[in-house]
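Biologist: I am new to this structure and would be grateful for a close look at a single part of it. Please take the surroundings of the ligand, and then follow the helices that lead on from there.

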Amino acid sequence: MNAHAPSEFDLIVIGGGSGGLAGAFRAAGHGARVALLEPGLLGGTCVNVGCVPKKAMWLAADVAGRLRLAQTLGFPVTPAPLDWPEFIVHRERYIENIHASYRRRLDEAGIAVLPSYAHFVDAHTVECESGTRLRAPRILIATGGRPQRMAVPGAELGGVSDDFFQWRAAPERVAIVGAGYIAVELAGLLQGLGSRVDVFVRGDRLLRGFDHELTAQLAEEYRQQGIRLHFDHTVAAIERDGQGVRLRGFDGALSDRFDALLFATGRVPNSERLQLHNAGVATDVGGHVAVDERHATNVDGIFAVGDITPDPPLTPVAIAAARRLMDRLYGGATALLDRTGIPTVVFSHPPIGQVGLTEMEARQVHGDTAVHVYRAGFRPMLYALADVPQRSLFKLVCVGDDRRVVGIHLMGEAADEILQGFAVALKRGITLDDLRDTVAIHPTSAEEVVLMR
Ligand SMILES: Cc1cc2nc3c(=O)[nH]c(=O)nc-3n(C[C@H](O)[C@H](O)[C@H](O)COP(=O)(O)OP(=O)(O)OC[C@H]3O[C@@H](n4cnc5c(N)ncnc54)[C@H](O)[C@@H]3O)c2cc1C
Ligand SMILES: NC(=O)c1ccc[n+]([C@@H]2O[C@H](COP(=O)([O-])OP(=O)(O)OC[C@H]3O[C@@H](n4cnc5c(N)ncnc54)[C@H](O)[C@@H]3O)[C@@H](O)[C@H]2O)c1
């Protein structure tokens, strides 16, 4: 491409992660001429350092747990530690297949892919690192985010989730700072794979924003598995100790020594490099690109989806927003992304799934007297057979005389797979009677959702 004559497209997509790829494919499918700029690996966070390798490690820990159960149940197996390099061959092959599939589909769709960071020159022009300029009447920003370390002395001694995916062996002792999705997921899978894990939480609970009863029970499960949870602990500094580290608390106390430390203290949007000021695109205080319900920014023709926006930072949300946007821009559709009733799963051990309002949110929105809560606490059959104490807790939050279901909260084995179908039902406005009218599937964990009294 000529650096002086910008190449013309109908749409420029900045970022080749979940949102950017979905938007590029959908727009091209509607006949738009699309250019996509991505300096790194296709698939962005989710495919390369997020959902996919995380789920692979979660599955490995799940298999390890089942080998222990198998032994308890009479199978003559001797659980051995995971051979990480061997497992990572499988993990990376899976990811390479996704890359290959993207490359093939991009080719077939005639999308021009430029392996470069992009920044704005003006509202319709972006520039690559090489100086190549592209112009289009519409631009989609989908540059996602990146993990952030805490701003404390010695923070460079710790890693973040991106670093975790470079590990080739399980450290003996691991400290994790944070209590969100990533902290809870990495703690569970590392403990399951044989590390001894300590989690340092500045608040008094795991997974703020999830149902309190479920997260309290998850904390109990984690303790039983040997994970040490340090609540109300504020990290003041990280100190080197030989090949390891110690955490110094605000009270001056020094922790045990850890072989590795991970910060799971949130993510920041990738907005700085974009030089948004050249196009006049507004951001919020956290650096997210501000969008309205149409995913339009304050500048005509410039849109944004995914983790760069204030939307919930989840892959299916980025994809759904991008597809709906392109269907409106190029396909004559009018539907907006419905930001309510978004189901989500934390891949803890066991997993937690939720859709809709928590009990606390329902009480705030509908008032105490309108809210009715139903619970089922039980031991899944496999764990009961093996006489392992792991329990499940399922909760329904209903409102009004007709007991409309406004929240479904599941913690326990298979919660990750059970939730999706019930999320459809919740979105259709079902009541408790609709659930009770449905014949149960026996014996399963899922049947507990339709049998609640
Ligand atoms: C450890 C971890 C586990 C996760 N697990 C899950 C899960 O199980 N389920 C789930 O739904 N979500 C999960 N997420 C969240 C999910 O990965 C994100 O919500 C999703 O990837 C967001 O997609 P995106 O397109 O907005 O951004 P990204 O996927 O981050 O893609 C953005 C892309 O933009 C590129 N880019 C950045 N700046 C520029 C620039 N200036 N020019 C051009 N390109 C640029 C980047 O290289 C990147 O490839 C997880 C995240 C992490 C970190
Ligand atoms: N299963 C999934 O769908 C999945 C998995 C991983 C990540 N994600 C997405 O990625 C996002 C980012 O995940 P995350 O876990 O990094 O973020 P998060 O926002 O879920 O959690 C961040 C945690 O760090 C803590 N924290 C922040 N600053 C701190 C400080 N200075 N000191 C101590 N603690 C601090 C917060 O209290 C919180 O517990 C999530 O919000 C989620 O939407 C989704």
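Modeller: The model shown here is predicted. By class, the shell around ligand 1 is made up of 16 nonpolar, 16 polar and four charged residues. In total, 36 residues surround ligand 1, and the closest are Gly 15, Gly 17, Gly 44, Gly 144 and Gly 306. Two or more residues of this shell come from each of the elements α1, α2 (44-49), α3 (51-72) and α8.

Two of these elements, α1 and α8, also pack against each other. Two packed helices are described by the angle between their axes and the distance between the axes. For helix α1 (residues 18-29) and helix α8 (residues 315-331), the angle is about 25° and the axes are 8 Å apart. Angles under 35 degrees count as roughly parallel, so α1 is roughly parallel to α8. Their crossing is right-handed.

On the side of α1, the contact is formed by Ser 18, Gly 19, Ala 22, Gly 23, Arg 26 and Ala 27. These meet residues of α8, among them Thr 315, Ala 318, Ile 319, Ala 322, Arg 323, Asp 327 and Tyr 330. Taken over both helices, the residues of the contact divide into nine nonpolar, four polar and three charged.

In the model, the end C-alpha atoms of residues 9-322 lie 18 Å apart.

Note on methods: Residues are numbered from 1 along each chain as its sequence is written. Chains are lettered from A and ligands numbered from 1 in the order in which they are written. This is a predicted model: local features need pLDDT of at least 70, side-chain atom pairs count only at pLDDT 80 or more; totals for chains, interfaces and linings use all residues. Axes are lines fitted to C-alpha atoms, for helices over the stretch in contact, and angles run from 0 to 180 degrees between N-to-C directions. Helices (H or I, at least four residues) and strands (E, at least two) are DSSP runs, numbered from the N terminus. Angles under 35 degrees count as roughly parallel, over 145 as roughly antiparallel, 65 to 115 as roughly perpendicular and the rest as oblique. A crossing is left-handed if the near helix is turned anticlockwise from the far one by less than a right angle, and right-handed if clockwise. Two residues are in contact if their C-beta atoms, placed from the backbone, lie within 7 Å. Ala, Val, Leu, Ile, Met, Phe, Trp, Tyr, Cys and Pro count as nonpolar, Asp, Glu, Lys and Arg as charged, and the others, Gly among them, as polar. A residue is near a molecule or strand if its C-beta atom, placed from the backbone, lies within 6 Å of it.
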